[in-house]
Amino acid sequence: MEYTGSQYIGEYVDGRMEGEAEYILPTKTKYVGEMKDGMFHGQGTLYFPSGSRYDAIWEKGLVVKGSLNSPTWTHLERSLRAVMTVEMASITRPRGLSRTIGIAF
């Protein structure tokens with residue numbers, strides 16, 4: 001994860017991000033919630049630098065149910081097809097392979 005500029009605060013199980021955590025992206029967007037097998041999984045919230053927040057239930061990195069609370073809308077958040085990918089390297093993956101998490105709004 002270091003090469004992406006992201007910061008992970010939480011625990012690892014078998015070398016993968018797992019449990020309650022904070023994941024801060026290079027864009028300063030922050031995820032606070034549950035992780036499983038290196039992905040957003042369970043209850044979690046994305047906090048955007050604009051002050052907006054996206055509360056969701058996640059399953060294997062994808063939103064199952066969510067709601068946006070936004071005092072101000074940014075261009076990315078207004079887009080109906082906005083997709084944010086988070087490239088996450090796992091120390092268990094050989095030769096620099098990475099896992100991508102898709103977050104669809």
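The model is a predicted one. Follow the chain from the N terminus and the elements come in the order β-β-β-β-β-β-α-β-β.

Next, switch to a surface. The accessible surface of the chain is about 6,500 Å², and carbon and sulfur atoms hold 52% of that. Of the 105 residues in the chain, 36% are buried. If you display contacts between residues at least 6 apart in sequence, 23% of them join residues at least 24 apart.

Now colour by pLDDT. The mean for the chain is 74, with 64% of the residues at 70 or more. Select strand β3, residues 30-36: confidence is highest here, at a mean of 96. Then select strand β7, residues 83-89, where confidence is lowest, at a mean of 37.

Two loop residues remain for a look at the backbone. Go to the loop between β1 (7-13) and β2 (16-24) and select D14. Its phi is positive, about 55°, although D14 is not a glycine. Is D14 buried or exposed? D14 counts as exposed because its relative accessibility is 71%, and the cut-off for exposed is over 50%.

Move on to the loop between β2 and β3 and select K28. K28, a residue other than glycine, also has a positive phi, near 75°. With a relative accessibility of 60%, K28 counts as exposed.

Terms used
Residues numbered from 1 in each chain as written. Predicted model: local features only at pLDDT ≥ 70, side-chain atom pairs only at ≥ 80, totals over all residues. Heavy atoms only, no water. Helix = DSSP H or I, 4+ residues; strand = E, 2+ residues; numbered from the N terminus. Buried < 20%, exposed > 50% of the residue type's maximum accessible area, 1.4 Å probe, protein only. Contact = heavy atoms within 4.5 Å. Areas by Shrake-Rupley, 256 points an atom, 1.4 Å probe, with all protein chains shown as cover. pLDDT = per-residue confidence, 0-100.
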